[in-house]
Amino acid sequence: PLDGGAGRVLWRAPRNMAMHVSCRASKVPGWAIVSTYTGKPKPVAVAFENEVFALSLTSTVETPLVRRLGSTRMVERRTYVDEPHATVSRNGRIILFGSSFQHSPRPLTKVETWAIDLRGK
């Protein structure tokens with residue numbers, strides 16, 4: 001914590017899931033935007049796999065407070081550009097993330113940027 005207090009775990013990702021956290025929404029304190037990604041799709045869906053969601057900073061591992069926002073549509077992570085890396089606007093209304101899900105033929109031919117518009121929600 002920036003205030004020097006003790007750290008604590010808010011949420012524990014399933015095995016082999018990586019994530020990116022954005023906390024730039026200074027006008028909406030108390031929430032982090034999390035985007036997750038895995039190496040390859042699993043035969044059985046894993047909770048929060050390849051998603052963008054808001055995680056309350058008051059969460060605990062036992063009782064996470066999550067607001068699901070969208071799917072990254074990612075099908076395979078091969079390079080850094082495949083990772084969604086969601087980022088939130090300072091007012092907390094717009095979330096942008098990249099998603100690249102066309103790998104054949106090489107070189108990478110399709111990289112997309114997605115927006116989640118939370119105005120009016």
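Contact, as the term is used throughout this tour, means heavy atoms within 4.5 Å. The structure is a predicted model, in which local features need pLDDT of at least 70, side-chain atom pairs count only at pLDDT 80 or more, and totals for chains, interfaces and linings use all residues. Residues are numbered from 1 along each chain as its sequence is written, and side-chain values use heavy atoms, with hydrogens and water left out.

**Stop 1: the whole chain**

Display the chain as a cartoon. Its secondary structure comes to zero helices and seven strands, where helices (H or I, at least four residues) and strands (E, at least two) are DSSP runs numbered from the N terminus. Read along the sequence, the pattern is β-β-β-β-β-β-β. Of the contacts with a separation of 6 or more, 45% are between residues 24 or more positions apart.

Switch to a surface view. The accessible surface comes to about 7700 Å², and 55% of it belongs to carbon and sulfur atoms; such areas come from the Shrake-Rupley method with a 1.4 Å probe, and for residues only the protein chains shown count as cover. Of the 121 residues, 33% count as buried, that is, under 20% relative accessible area, with exposed meaning over 50% and partly exposed in between (1.4 Å probe, protein chains only).

**Stop 2: strand β3**

Select residues 51–56, which make up β3. Six of the six residues of β3 are buried, so the strand is largely enclosed by the rest of the structure. In a regular strand the side chains alternate between the two faces of the sheet. Here Glu51, Phe53 and Leu55 point one way, while Val52, Ala54 and Ser56 point the other way.

β2 pairs with β3 in the antiparallel sense over five bridges, and Ala32 stands opposite Leu55 of β3. Strand β4 (residues 66–71) also pairs with β3 in the antiparallel sense over five bridges. Across that pairing, Glu51 has Ser71 in β4 as its bridge partner.

**Stop 3: the aromatic cluster**

Which residues form one aromatic cluster? Select Trp11, Phe48 and Phe53 to see it. Rings of Phe, Tyr and Trp (its six-membered ring) pair if their centres lie within 6.5 Å; planes under 30 degrees apart count as stacked, over 60 as edge-to-face and the rest as tilted. By this rule the count comes to three aromatic pairs. Trp11 and Phe48 form an edge-to-face pair, 5.8 Å centre to centre with 90° between the planes. Trp11 lies in the segment before β1 (17–22) and Phe48 in the loop between β2 (31–38) and β3, so the pair ties together parts that are 37 residues apart in sequence. Both Trp11 and Phe48 are buried.

The rings of Trp11 and Phe53 have their centres 5.2 Å apart and their planes at 70°, so this pair is edge-to-face. Since Phe53 lies in strand β3, the pair ties together parts that are 42 residues apart in sequence. Phe53 is buried, as is Trp11.

**Stop 4: Leu118**

Finally, select Leu118, in the segment after β7 (110–117). At 13% relative accessibility, Leu118 counts as buried. Not counting residues up to four places away in sequence, Leu118 touches Arg67, Leu69, Gly92, Arg93 and Ile95. The C-alpha atoms of Leu118 and Ile95 are separated by 8.0 Å, with the two residues 23 residues apart along the chain.

Technical notes: Two strands pair if DSSP finds at least two bridges between them.
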